[in-house]
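Let's take a walk through this model together, from the overall fold down to single residues. Please keep the sequence and the 3D view open as you read.

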Amino acid sequence: KINTNIPQVKQLRQNAGFEYTKDQLRSIDEIFTDLNSGLVMDRLLSGDVGFGKTEVAINALLVTILNGYQALFVCPTTLLASQHFEGIKSRLEIFGIKKVSF
């Protein structure tokens, strides 16, 4: 089982600089349920630009890594990958997560 009830998740949300939407919170809860199911997750998170998909993914990345697993974040373009790399790296550094590759 993956522990999703960790204080770092609350801290991540508090440091986001905005309030999560109901849809973001629902998506995060569903992903956490998937992670605890014991099955391979088969989920696609999609939405328009600016609707908070990255923030949902960062929650999943944090929980996965803090439970001792590896995580992968996939982007469709090199430019977007570079932008996400910097943003995610800065968001996760405060939790001691420094081993991020591009």
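Before anything else, a word on naming: helices (H or I, at least four residues) and strands (E, at least two) are DSSP runs, numbered from the N terminus. What you see is a predicted model, in which local features need pLDDT of at least 70 and side-chain atom pairs count only at pLDDT 80 or more, while totals for chains, interfaces and linings use all residues. Residues are numbered from 1 along each chain as its sequence is written, and side-chain values use heavy atoms, with hydrogens and water left out.

With that settled, look at the whole chain. The protein chain has four helices and zero strands, in the order α-α-α-α along the sequence. Its radius of gyration (taken over C-alpha atoms) is 13 Å, close to the 13 Å from the globule rule for 102 residues, so the chain is as compact as a globular protein of that length; that rule is 2.2 Å times the number of residues to the power 0.38. The C-alpha trace spans about 35 × 30 × 25 Å along its principal axes. Of the 102 residues, 32% count as buried, where buried means under 20% relative accessible area, exposed means over 50% and partly exposed lies in between (1.4 Å probe, protein chains only). Contact here means heavy atoms within 4.5 Å. Among contacts between residues at least 6 apart in sequence, 63% join residues at least 24 apart.

Now turn to the interior. A nonpolar core is a set of buried Ala, Val, Leu, Ile, Met, Phe, Trp, Tyr and Cys residues joined through side-chain atoms within 4.5 Å. The largest such core has 20 residues, and those touching the most other members are Leu12, Phe32, Leu35, Leu62, Val63, Leu92 and Phe95. Helix 1 (7-14), helix 2 (22-35), helix 3 and helix 4 (78-93) each give this core at least two residues. Which helix supplies the largest share of this core? That is helix 3, with six residues.

Let's stay with helix 3 and look at some of its residues. Valine 63 sits in helix 3 and is buried, with a relative accessible area of 0%. Not counting residues up to four places away in sequence, valine 63 touches Ile2, Asn3, Thr4, Ile6, Val9, Phe32 and Leu35. Leucine 62, with neighbours within four places left aside, is in contact with Gln8, Val9, Leu12, Leu92, Phe95 and Ile97. Threonine 64 also belongs to helix 3 (residues 53-66), and is buried at 11% relative accessible area. Beyond its neighbours within four places in sequence, the contacts of threonine 64 are Leu35, Tyr69, Gln70 and Ala71.

The loop between helix 2 and helix 3 is our next stop. Asparagine 36 lies in this loop and is buried, with a relative accessible area of 19%. Setting aside neighbours within four places in sequence, asparagine 36 is in contact with Lys1, Ile2 and Thr4. Serine 37 is found in that loop too, but counts as partly exposed at 42% relative accessibility. From serine 37 to glutamate 19, 18 residues away in sequence, the C-alpha to C-alpha distance is 28 Å.

Lysine 89, in helix 4, counts as partly exposed at 29% relative accessibility. Its C-alpha atom is 10.0 Å from that of isoleucine 58, 31 residues apart in sequence.

We finish at the largest pocket. Helix 2, helix 3 and helix 4 each supply at least two lining residues, and the largest share, six residues, comes from helix 3. By class, the lining has 20 nonpolar, six polar and three charged residues; here Ala, Val, Leu, Ile, Met, Phe, Trp, Tyr, Cys and Pro count as nonpolar, Asp, Glu, Lys and Arg as charged, and the others, Gly among them, as polar.
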